[in-house]
Amino acid sequence: MNTRLEKHSELEATVVVELSKSDYQEKVDQQIKKIQKTARINGFRPGKAPLGMINKLYGKSVLAEEIQQMASDRLNEYIKEENLDILGYPIGSERIESELDIDNSESFTFAFDIGLSPQFDLSVSTKDKLELFKIEVTDKEVDEDIEHARKQRAQMEDAETSDEESIVYAEVTELDETGNPLEGGVTAKPISFVPSMIEDKKLKKAFVGINKGAEIKCDVRVIFNNNEAVITNSLGIPKEGISDLSKEFKAVVTEIKTRILPELTAEYFAETFPGDDAPKTEEEYRARVKTNLEKYYENEASLWLDHEIGHMLLNNHKLDLPDEFLKRWLTSTKQEDYTPENIEEKYAQEREALVRRLIIDKIAATNDLKAEQEEIIQEAKLYYLGMYRQYGLNLDINDSFLTETVMKRFGEQEFISQMNDRVIYRKAYDKAKEMITVKEKKVSVENYFKHVNTHKHNHGE
């Protein structure tokens, strides 16, 4: 058996495995004999058919299976022996033709294309400067948070007249150019909205101070601030149909609900922050709200620093990859997700994620970062805590239900690998913070979000 590597570039190569009869014949003979012992062939007792007949019936399929397995095994051995750092998995070569003529040859050649990982040095130092925002929480943010919480727990009551915070229920009908219902258009479709959420000031004002039965002509898209997802869900139409909607609808108000906010009482404080240390006065309540907001924004700032470290790492490491190989690997091994039509668009995201992963692995290897079992368990708990909180279920990290849920998943290797990766990413980002210069910067909540939104706009996020 002969195995060789033919490099086409620094990042692309082909592994060629050559098999002769002496390499595979013994295994083929052994398999044929196994089949003979159990074969049922007309005219012969079970297991008594002549070896030549078994070979004639099954020889080619056995040969094909054995040489394929031998070539695959040898490929994996060779990659390990030569310490080849590959990306993706080997695939049938397009550069060197495999020779697999079972009918006319006793020697066979298998050719596998591989993509090689780029070799690079870390480019991270104290010359890299980032800011850790210290987000200042003022009375404005406290007031807004308290108001939001009260709205969440408000009682809804029927109202005669709408205000900015009312929920307005209406039926909308699409109109033609003459102002009559459009044939085949949206007809008497029930929708609901809150006037204060309408960005168009003129239309917002039109829905404030109106009564049940009021009719207002408007562009229904403006009610929903041209949000495609909200429009399609509210009107029950496909996304493609939004542009075809008429610019004029008739909205007939069918119902108005007004929020009755709960009073700020000791009972309300105790319901909001249950426990022996529940706030007793409005001053204590506001202080607790402010503390929670400060913790929230502290975590927010930390996550944002991680986000900017991710960009810094990508900017500092312009890595070459075996792009064409990786595109072909994706379209041949994950055909349900990647096609020749979408590969260019989708590959850009895959490439960025792969480069980031290579950099993280480099940081981890350079600093001997590892994920211990207890760290993986804690990471899994944090993962589930975040998931449960999205559904309104708040658990303590040591809750027995949470622990039981996590431990049940520890029989799944894919889940363990996923949590292991999360730990390594976290440790690598923490290590990067030690390697660069991080300067704290005080900033208002408003300016923090201005910075974040500008960054996301500039990066198309």
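**Salt bridges**

Mentor: Start with K257, which forms a salt bridge with E255; their closest N and O atoms are 3.5 Å apart. The term means a side-chain nitrogen of Lys or Arg within 4 Å of a carboxyl oxygen of Asp or Glu. By this rule there are 36 salt bridges. This is a predicted model: local features need pLDDT of at least 70, side-chain atom pairs count only at pLDDT 80 or more, and totals for chains, interfaces and linings use all residues. Residues are numbered from 1 along each chain as its sequence is written, and side-chain values use heavy atoms, leaving out hydrogens and water.

E255 has 31% relative accessibility, so E255 counts as partly exposed (buried is under 20% relative accessible area, exposed over 50%, partly exposed in between; 1.4 Å probe, protein chains only).

Next, D306 pairs with K433, with the closest N and O atoms 3.1 Å apart. D306 sits in helix α8 (residues 282–316) and K433 in helix α13 (residues 413–435), so this bridge ties together parts 127 residues apart in sequence. Helices (H or I, at least four residues) and strands (E, at least two) are DSSP runs, numbered from the N terminus. K433 is partly exposed, at 22% relative accessible area. Elsewhere, shared partners join R4, E6 and E18 into one salt-bridge network.

Now take E131 and K441. Their closest N and O atoms are 3.9 Å apart in a salt bridge. E131 belongs to strand β5 (residues 129–136) and K441 to strand β11 (residues 437–444), so the pair links parts 310 residues apart in sequence. E131 is partly exposed, at 32% relative accessible area. K441 is partly exposed too, at 37%.
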